[in-house]
Amino acid sequence: MKKGILWFASIMMLFALSANAAEKAKPAAKKEAPKAEEPKAEEPKAEEGSGLKAGARMILIKFDKGEMFGDGTDNGVVKSSLTKEKADKGKMYSCKIEAKKTGGEEGDGGKGLPGISKASGILSGKRGNWDNYDTLNIKYILEGEKPLTCQMLIGDASSYEKWRYGNYVERSVVLQPGENTLSLDITGLACPGGARSLDLKNMRGFGFWAPNRPEDIVLYIQDVYVEKD
């Protein structure tokens, strides 16, 4: 009886040793390397305290709602109108400005081009607050082959209370032939002589003074907006 028990125990021990050896002989399962995550596109960062991300825009003049430069000026020398010609992608209208050359009988009284004034009310409220934006941008098409040199006049609420030299900002700009975007730095706009800085939270208007038009011009304004760099 004892011999039978010892024999059975020996058989079981050999079976256990064989199973253990077979288990160790199995090739180790390969562990798959973790897949690298695709890099995420970085979102535009917001400037601390501004609440605006780089690239943020605010449209200032809504041509498709009937707004335009000069509210439809037509004095025989300078004319502004809404047109479907040269409209920007996704828009129905552009603002067309036609101006006769300066000099001679017809041109002397029309050196200024239509602008946006306080009276129009376009820049009141939210659109009058340019604070935290960096550039004023005007997308345009100038027909012909010659550039047009202008003085750009920009004013806040105080400027239009008493419009006089030294109480608004003046910048010399050149409009180039063809389709272009005029981009003007509006950070720290200050009146001549440093008399005061414009209140960027209460902007009211801007326009162009073009005393040296060498020929009749046709200018299409396609879009006007302020943008965060």
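**View 1. Four strands make up an open antiparallel sheet, in the order β4-β9-β6-β7.** β4 (112-116) and β7 (169-175) are the edge strands; each has a single partner strand, so one side of each lacks a neighbour in the sheet. From one strand to the next, the twist averages 20 degrees. Strands are DSSP runs of E with at least two residues, numbered from the N terminus; two of them pair if DSSP finds at least two bridges between them. This is a predicted model: local features need pLDDT of at least 70, side-chain atom pairs need 80 or more, and totals for chains, interfaces and linings use all residues. Residues are numbered from 1 along each chain as its sequence is written, and side-chain values use heavy atoms, without hydrogens or water.

**View 2. Strand β6 (residues 148-156) runs antiparallel to β7.** Seven bridges join the two. Leu-153 stands opposite Glu-170 in β7.

**View 3. Thr-83 sits in strand β2 (residues 78-83).** Thr-83 counts as buried because its relative accessibility is 12%; the cut-off is under 20% relative accessible area, with a 1.4 Å probe and protein chains only. A polar atom of the Thr-83 side chain lies 3.0 Å from the backbone nitrogen of Glu-85. Leaving aside residues up to four places away in sequence, Thr-83 touches Met-92, Tyr-93, Ser-94, Lys-96 and Tyr-220. Contact here means heavy atoms within 4.5 Å.

**View 4. The protein has three helices and 10 strands.** Helices are DSSP runs of H or I with at least four residues. From the N terminus, the order is α-β-β-β-α-β-β-β-α-β-β-β-β. Of the 229 residues, 35% are buried.

Key:
Buried < 20%, exposed > 50% of the residue type's maximum accessible area, 1.4 Å probe, protein only. Polar contact = N/O pair within 3.5 Å; in protein donor to acceptor, adjacent residues only side chain to side chain. Axes fitted to C-alpha atoms, helices over the stretch in contact; angles between N-to-C directions.
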